[in-house]
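Thank you all for making time this morning.

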Amino acid sequence: MRSRFTAHVLRDAAHLHRTYLTSARRPFDDQLDAVDEVNWTRLVIHSHEAGPKPEVSTVDFSAYYDADSKEQALHEKSEFHRINGAWFYVRSLRVGPAPVRSSQAKVGRNDPCPCGSGKKFKHCCGR
């Protein structure tokens, strides 16, 4: 994680390319793998957690950058995989509460309307 942050600060696109699992297997191209012009200022690692396998790990961090003379933060939880002794960035994980899922079954168009009218849902509340 720290080496990738340093590569962003130094705008070292080649290192970012090598340590990102999706691009690591492809040849490096200066045009395609350009680094954005963000002025990164500091990195704070909040936690590090081992994954379900020893070669998987997650890092929760905040990367700070300068925008319009104000320090802004990018907060992310990232997944890393170790392959042949080297760590690769895999993806950003969801941060925040899990999506809300309905505990009730969805009413079908031809099911009786749940309002109790005795009509089919499509002819009652489903309009």
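I will take the pockets in turn and then move to the nonpolar core.

Please keep in mind that this is a predicted model. The largest pocket has a volume of about 440 Å³, and of the 21 residues that line it, those closest to its centre are Arg-4, His-8, Leu-16, Tyr-20 and Tyr-89. Two or more lining residues come from each of helix H1 (2-10), helix H2 (13-18), strand S2 (56-67) and strand S3 (70-83), with S3 giving the most, namely four residues.

Turning to the second largest pocket, its volume is about 150 Å³, and its lining is made up of Met-1, Ser-3, Arg-4, Thr-19, Ile-45, His-48, Ser-57, Val-59, Phe-80 and Trp-87. Here the elements that give two or more residues are H1, strand S1 (39-50) and S2, and the lining divides into five nonpolar, four polar and one charged.

Which residues, then, form the largest nonpolar core? There are eight of them, Phe-5, Trp-40, Leu-43, Val-59, Phe-61, Ala-63, Phe-80 and Tyr-89; S1 and S2 each supply at least two, and S2 gives the most, with three residues.

Finally, if we leave aside its neighbours within four places in sequence, Phe-61 is in contact with residues including Met-1, Leu-43, Ile-45, Leu-74 and Ser-78.

Technical notes. Residues are numbered from 1 along each chain as its sequence is written. This is a predicted model: local features need pLDDT of at least 70, side-chain atom pairs count only at pLDDT 80 or more; totals for chains, interfaces and linings use all residues. Side-chain values use heavy atoms; hydrogens and water are left out. On a 1 Å grid over the protein atoms alone, a cavity is a set of points where a 1.4 Å probe fits but cannot get out, and a pocket is an open set with protein on both sides within 12 Å along at least five of seven lines; lining residues have an atom within 4 Å of a point. Grid points are joined across faces, edges and corners, and a volume is the space filled by probe spheres set on the points. Ala, Val, Leu, Ile, Met, Phe, Trp, Tyr, Cys and Pro count as nonpolar, Asp, Glu, Lys and Arg as charged, and the others, Gly among them, as polar. A nonpolar core is a set of buried Ala, Val, Leu, Ile, Met, Phe, Trp, Tyr and Cys residues joined through side-chain atoms within 4.5 Å. Buried means under 20% relative accessible area, exposed over 50%, partly exposed in between (1.4 Å probe, protein chains only). Contact means heavy atoms within 4.5 Å.
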